Amino acid sequence: MNLFQHLSDANTQWVLAGTLLLGMASGVLGSFAYLKKQSLIGDAMAHAALPGICIAFLLYGQKSLFWFFAGAAFSGLLAAYFIQAIVKNSRIKEDTSIALVLSVFFGIGIVLLTFINQNGSGNQSGLNNYIFGQAASLVGNDVKIIAIVAMILLAVTALFFKEFKLLTFDPQFAEGIGLPVRFFNGLLMVLIVSAVMIGLQAVGVILMAAMLITPALSARYWTERMDRMVVIAGGIGALSGVVGTIFSTASEGLPTGPLIILAATLIFLFSMVFAPRRGLLVNIVKQMKMRRQTARENIMLSMFDLMEETMRKPAARHATGFGEEQIRGLRPVSKRLFARVMKQLIKENLVSSDGNRYALTEQGKEQAYQIALKNRLMEVYKMYEMKFSHEEVEKQEDIFALPGPLLQELSRYLQQLGRMPVRLSKTGPGENRRNRNNIIGQRGADSGYEL
């Protein structure tokens with residue numbers, strides 16, 4: 001039987017619809033759990049659901065997805081209450097509290113499950129499927145319940161999205177403006193628990209936490225905005241559910257739940273590597289560009305320093321250039337990177353070379369002067385940072401964006417320290433002063449401040 005014949009089967013379509021809705025709801029609500037740094041909550045709720053399912057079976061006497069959900073929800077919410085109570089009334093931190101409650105509830109669940117299996121009715125009830133999940137066992141009524149619950153979860157999340165967003169990023173401010181923080185915290189926890197409950201039969205207790213968090217983690221690589229993140233996470237969750245179900249259908253004998261998690265993990269790995277702004281590949285490219293730009297500036301600064309030194313020594317003023325070892329000796333740069341950067345500088349007509357020695361061209365001297373001025377102004381700014389703390393400068397490129405009067409003051413300090421760079425280009429003293437004022441900032445020159 002080929003894939004299309006499998007997909008035309010009514011049971012496969014039910015499973016596909018159920019895993020799609022499950023993935024969507026899990027991705028959306030998992031975004032809030034991830035951003036609130038409560039990623040382990042889903043794992044705790046999934047493990048804590050097992051005793052509730054077992055107790056529901058013991059009370060009802062047979063398999064009923066509705067009563068299983070009810071028992072799992074009660075047990076999960078009880079576990080959530082215990083987690084918060086332990087954190088609030090003791091010195092135990094939240095992660096330790098989650099681990100403690102998770103292990104206790106799961107241990108109770110295993111004891112109850114063993115008791116039910118020893119009575120010979122556990123396998124018939126399908127309780128064993130809740131450990132690792134078995135999406136293939138979903139039938140029409142099961143999917144209807146999952147669909148109804150998932151749509152309710154999505155609707156409630158959309159209705160209170162602004163409140164949940166504020167609660168996630170600034171709970172103190174939310175409380176300050178009169179938002180019922182405890183109510184919305186409780187509501188969000190109920191939604192997360194509900195998402196976990198509807199996924200237990202398809203994915204299982206062990207893997208449900210991954211279903212909740214992995215799509216959210218993948219979505220975080222693609223955007224900085226929460227509304228977009230929630231939508232992307234829902235889409236990734238739905239796609240994972242569909243892809244996992246299709247692969248499970250195409251390859252007989254492979255469980256659907258683990259394949260759904262593998263699909264979500266592959267999407268996460270792709271996002272981690274290829275996301276356009278936060279992916280590893282982009283960061284590697286940025287680091288390479290930054291390394292090359294730093295080497296470029298270091299080489300030009302070294303050449304500027306050497307030429308500046310020759311101008312102060314009459315005997316060395318006729319030097320026609322500098323060797324590679326001289327340049328690299330001031331600011332270490334690898335030979336390979338030096339060769340690549342120097343080749344680019346020669347191509348841009350900033351450096352001239354006779355094969356063994358290198359010299360700055362007139363255009364290169366001007367650019368090197370600006371780099372030196374920027375670096376030395378930044379050095380002085382760092383020296384007197386407490387005095388200029390009202391003007392925050394994080395990068396050297398931002399130093400020229402400072403107000404004109406402040407730049408003039410930094411320049412005076414630079415002159416007093418004898419660190420004002422010497423202009424190497426062939427211009428007169430008056431033109432040097434005008435050029436320097438233009439570099440330091442037109443606002444400073446227009447305000448009547450002079451160096």
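Biologist: Why are H9 and H11 called roughly perpendicular to each other?

Modeller: The axes of H9 (residues 161-169) and H11 come within 10 Å and cross at roughly 105°. Angles of 65 to 115 degrees count as roughly perpendicular, so H9 and H11 get that label. This is a predicted model, in which local features need pLDDT of at least 70 and side-chain atom pairs count only at pLDDT 80 or more, while totals for chains, interfaces and linings use all residues. Residues are numbered from 1 along each chain as its sequence is written, and side-chain values use heavy atoms, without hydrogens and water.

Biologist: What makes the contact of H9 with H11?

Modeller: Glu-163, Phe-164 and Leu-167 of H9 meet residues of H11 including Val-181, Phe-184 and Leu-191, where contact means heavy atoms within 4.5 Å.

Biologist: Why is the pair of Tyr-81 and Phe-82 called tilted?

Modeller: Rings pair if their centres lie within 6.5 Å; planes under 30 degrees apart count as stacked, over 60 as edge-to-face and the rest as tilted. The centres of Tyr-81 and Phe-82 are 5.9 Å apart with planes at 55°, so the pair is tilted.

Biologist: Why does Tyr-81 count as exposed, and why does Phe-82 count as partly exposed?

Modeller: Buried means under 20% relative accessible area, exposed over 50%, and partly exposed in between, with a 1.4 Å probe and protein chains only. Tyr-81 has 55% relative accessibility, so Tyr-81 counts as exposed. Phe-82 has 35%, so Phe-82 counts as partly exposed.

Methods
Phe/Tyr/Trp six-rings, centres within 6.5 Å; stacked < 30°, edge-to-face > 60°. Axes fitted to C-alpha atoms, helices over the stretch in contact; angles between N-to-C directions. Helix = DSSP H or I, 4+ residues; strand = E, 2+ residues; numbered from the N terminus. Parallel < 35°, antiparallel > 145°, perpendicular 65-115°, else oblique.
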